[in-house]
Structures are given as structure tokens and as C-alpha cells.
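Please have the model open while reading.

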Amino acid sequence: MARYHIETYGCTSNRGESRQIESALRDAGHYRVDGPKAADVAILNSCTVVEKTERNMLRRAEELADETADLIVTGCMALAQGDEFAEANLDAQVLHWDDVPTAVTNGECPTPGPGVEPVLDGVVGILPIARGCMSNCSYCITKQATGRIDSPSIDENVEKARALVHAGAKELRVTGQDTGVYGWDDGERDLPELLDRICDIDGEFRVRLGMANPGGIHGIREELAAVFAENEKLYDFLHAPVQSGSDEVLEEMRRQHRVDKFLEVVETFDDSLAHWTLSTDFIVGFPTETDADHEQSMALFREVRPEKVNITRFSKRPGTDAAEMKGLGGQTKKDRSKAMSELKRDIVAEAYEELIGTTREVLVVEEGTGDSVKCRDSAYRQLIVQNASEHGLEPGDFAEVEVTGHQTVYAFAAPV
């Protein structure tokens with residue numbers, strides 16, 4: 001869990017993006033503090049309307065960088081003039097709004113608040129299926145808050161899912177610290193059966209599986225991939241955080257998998273699904289990571305070509321074993337993060353470029369900025385439809401669209 005400080009500048013749209021960032025951070029167990037000095041991470045949601053504003057943003061970013069351990073810059077100036085922050089030698093991550101919540105986690109498991117009760121947010125139903133995990137990662141403070149896995153029964157979770165659908169949920173997000181180990185506390189591997197039964201609920205809706213560590217799903221990868229292949233309601237999307245392409249670093253991280261297990265999970269889904277999205281995470285600059293280790297991560301990135309990637313620069317969490325290790329310099333972490341982020345942009349842009357001209361069935365999930373809506377296709381890729389009111393589109397609708405363009409991490413589409 002991280003303490004965060006967020007500052008928002010500019011228009012109503014920026015304020016709306018900050019609200020979404022904060023909502024995601026709270027869902028993951030992070031909490032807001034008063035002022036950057038009390039925070040583990042500061043978030044600057046920037047504006048770039050005039051030259052004077054640009055100067056003010058750079059000055060404020062410098063102040064925040066001096067006052068907190070980690071700085072994330074997002075917003076309009078970050079997207080339009082991100083190089084300005086690099087040229088100012090700021091030790092900051094420059095990210096798209098959508099990438100901020102996952103960057104704050106430092107590679108840790110998401111941590112829901114007390115209890116595991118479902119929440120309906122618009123047409124999105126949040127379904128935490130368990131609390132805790134079976135891992136003991138050396139860098140993660142979450143385990144101290146949540147303990148080992150505690151899984152409610154399949155029947156109980158299915159009833160919660162049914163209640164969300166009856167209440168109007170069109171997208172169910174199955175969440176947990178590590179969904180892949182659901183049922184381990186009872187000696188069972190229940191995730192495939194749970195997903196199968198949720199998809200059997202009457203109604204037109206979609207299901208997205210949340211983070212599942214490679215070590216947890218490796219033993220059920222074939223059964224799990226078969227459930228995806230058999231159920232159209234399941235988004236063909238898997239978030240399996242590898243964290244490093246070096247087995248030596250994974251051992252120091254105390255991850256439950258090695259690179260070969262991660263690759264076997266990916267290969268199984270490749271064999272079972274024609275089109276699917278791999279989402280993964282990398283931590284750059286772990287204390288024991290050498291230049292050769294970093295190159296192994298870059299090589300793995302190129303090999304599996306994930307369409308969604310969360311890149312986090314390592315930072316110490318109090319009370320963890322990794323906090324006692326001698327850390328790498330900030331410039332080293334910054335350089336490695338920049339190299340991986342550039343590779344990410346190339347790979348993700350290529351994936352979205354290949355979508356242009358194709359027709360996709362999408363679910364409208366939420367309103368976007370202005371008169372636009374955010375949609376998800378069957379592989380959970382984000383498609384933006386502009387002038388939504390002209391097309392009569394609103395959250396909860398299903399539609400057929402043609403992809404017309406992209407902005408690297410999302411695409412634009414128009415109704416057919």
C-alpha cells in the first residue's frame with residue numbers, strides 16, 4: 001500500500017481524469033495524504049494551455065521531485081511535451097493517465113479495502129473473489145496487510161456476481177491480490193470453475209479476470225485457457241506480471257515463477273486463443289539487477305510482445321527485505337525505465353496499428369472526455385468512440401465499430 005499526493009491543474013477534463021486515477025488507487029488499497037512530504041509518491045496532473053503554464057508545471061514538478069521519493073507526471077503537458085521534463089533532468093515517470101494507478105503499486109499486489117464485498121460503479125461491477133495471496137515477494141508490503149489467501153466459496157462468489165448483473169453490471173471485473181491462487185487455502189484450484197459458473201449467469205455482460213501471478217496459474221494454465229476459449233463472455237485478456245526477464249532477479253524478488261514458467265503460460269494461451277491480450281508488469285532497477293539482467297528483461301519483452309505493460313521503477317517499501325538491500329542509483333533506474341518505455345510504445349503502437357480497418361464488437365464501458373465513450377473489444381483493448389451522442393451510444397451498450405486510428409495505448413473507432 002502506498003501513500004499518495006495528487007495535484008491537478010487545468011480544465012474539468014483533467015479533474016475528471018484525476019478522479020478516475022484516485023478511484024483506481026483507492027480500489028487497490030492506496031490512500032491519500034496531505035502534502036507531498038508525507039507521501040511515497042506524488043502525482044502531478046499537468047496542463048499546457050499557455051507558455052506560462054508550461055513554466056509553472058516544470059517549476060512545480062521540480063519542487064515535488066525534491067519533496068517526495070517518487071514523482072509521476074501525467075496530463076496534457078506530459079502527453080504533448082513529455083520531453084520537456086526529461087530535458088529538465090527531472091527524476092520523474094511521465095505517463096498516460098490510464099497508466100498511473102498501476103505505476104503507483106511498485107509491482108505489489110492490488111489490495112482491496114476491508115472485506116471482499118462487490119461494488120457497482122456505473123455499468124462496471126467490481127467482484128473481489130478473495131483476500132490475501134500465497135506469495136512472499138521480497139519487495140512487497142501488501143502481504144503485511146492482507147496475509148495468506150482467504151477464499152469465499154464458489155457459490156458465494158457466484159451469487160455476488162449474479163447480484164451485480166441483476167443490478168445492471170455489464171462488465172464484471174474479477175479481482176484479488178492474486179486471482180490465480182483462488183481456493184488454495186482449501187487445497188483446491190477453483191478459478192476455472194468459478195469463471196465458468198459466472199459466465200453461466202443469465203444476461204448479456206462481459207467478464208474480465210484480474211491479476212494472476214504466473215506461478216499461481218502455471219499449474220492450471222491449460223484448464224484456464226480452455227475456459228477462456230469456451231466462454232464468449234470472458235474477455236480474452238490475461239494479466240500475468242512477470243516482473244523481470246532474469247531468473248536471478250526473480251529469485252532475489254522471491255517470485256514463485258521463473259521465466260520458463262511464464263513463457264509456458266503465454267504459449268498455452270497462444271495455442272488456445274486466436275486473438276488475445278497479454279498484460280504484464282516489469283520492475284526496473286531492482287537492487288540486484290545488473291545491465292545483463294535488464295537486457296534479459298528487454299529480450300523477453302520483445303519475445304512475448306505484450307499489448308499492455310506496466311513499467312515500474314523500483315522503490316523501497318518500509319519493512320520489506322528488499323528495503324535492506326543497497327539500491328541502484330536513480331539515473332540507472334531512470335535510464336532503464338526510459339529504454340523499456342520506448343520499447344513499449346513501439347510494440348503497443350504496432351499492435352494497435354494492425355487493428356486499423358478491422359471491425360470489432362465492443363461494450364461501451366464508461367463516458368470519456370467530451371462527447372466520447374470508452375469501449376472494450378473482446379480482447380479488452382480500449383477503443384474510443386467520439387461524438388457518442390450522435391450515435392446514441394452510452395455505457396452498457398453493445399455495438400459494432402470499425403477501428404479508424406490510434407494513439408498508441410488506445411484506438412479510435414466509429415460505429416458501423
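Two strands pair if DSSP finds at least two bridges between them. Helices (H or I, at least four residues) and strands (E, at least two) are DSSP runs, numbered from the N terminus. This is a predicted model: local features need pLDDT of at least 70, side-chain atom pairs count only at pLDDT 80 or more, and totals for chains, interfaces and linings use all residues. Residues are numbered from 1 along each chain as its sequence is written, and side-chain values use heavy atoms, with hydrogens and water left out.

**Strand β3**

Start with strand β3, residues 41–46. Here, buried means under 20% relative accessible area, exposed over 50%, and partly exposed in between (1.4 Å probe, protein chains only). Six of the six residues of β3 are buried, so the strand is largely enclosed by the rest of the structure. Val41, Ile43 and Asn45 are buried on one side. Ala42, Leu44 and Ser46 are buried on the other.

In general, strands of a sheet pair through backbone hydrogen bonds, either parallel or antiparallel. The table lists three pairings.

| Pair | Bridges | Sense | Example partners |
|---|---|---|---|
| β3 and β4 (residues 70–75) | six | parallel | Ser46 and Gly75 |
| β6 and β7 (residues 124–128) | three | antiparallel | Val119 and Ile126 |

**The four-stranded sheet**

Strands β6-β7-β8-β9 form, in that order, an open sheet with mixed pairing. Its edge strands are β6 (119–121) and β9 (206–209), each pairing on one side only. The twist averages 20 degrees from one strand to the next.

Two helices belong in this picture. Axes are lines fitted to C-alpha atoms, for helices over the stretch in contact, and angles run from 0 to 180 degrees between N-to-C directions. Contact means heavy atoms within 4.5 Å. Helix α7 (residues 154–166) lies across β6, β7 and β8 (171–175). Helix α7 runs at about 170 degrees to β7. Helix α8 (residues 191–199) packs on the sheet and touches β7, β8 and β9. The direction of α8 makes about 160 degrees with that of β9.

**Glu289**

Is Glu289 buried or exposed? Glu289 counts as buried because its relative accessibility is 3%. Glu289 sits in the loop between β11 (277–284) and α13 (291–304). Its side chain makes a polar contact (a pair of N or O atoms within 3.5 Å; within protein, one must be able to donate a hydrogen and the other to accept it, and residues adjacent in sequence count only if both atoms are side-chain atoms). The partner is the side chain of Arg336, at 2.9 Å. Leaving aside neighbours within four places in sequence, residues in contact with Glu289 include Val249, Ile283, His294 and Leu328.
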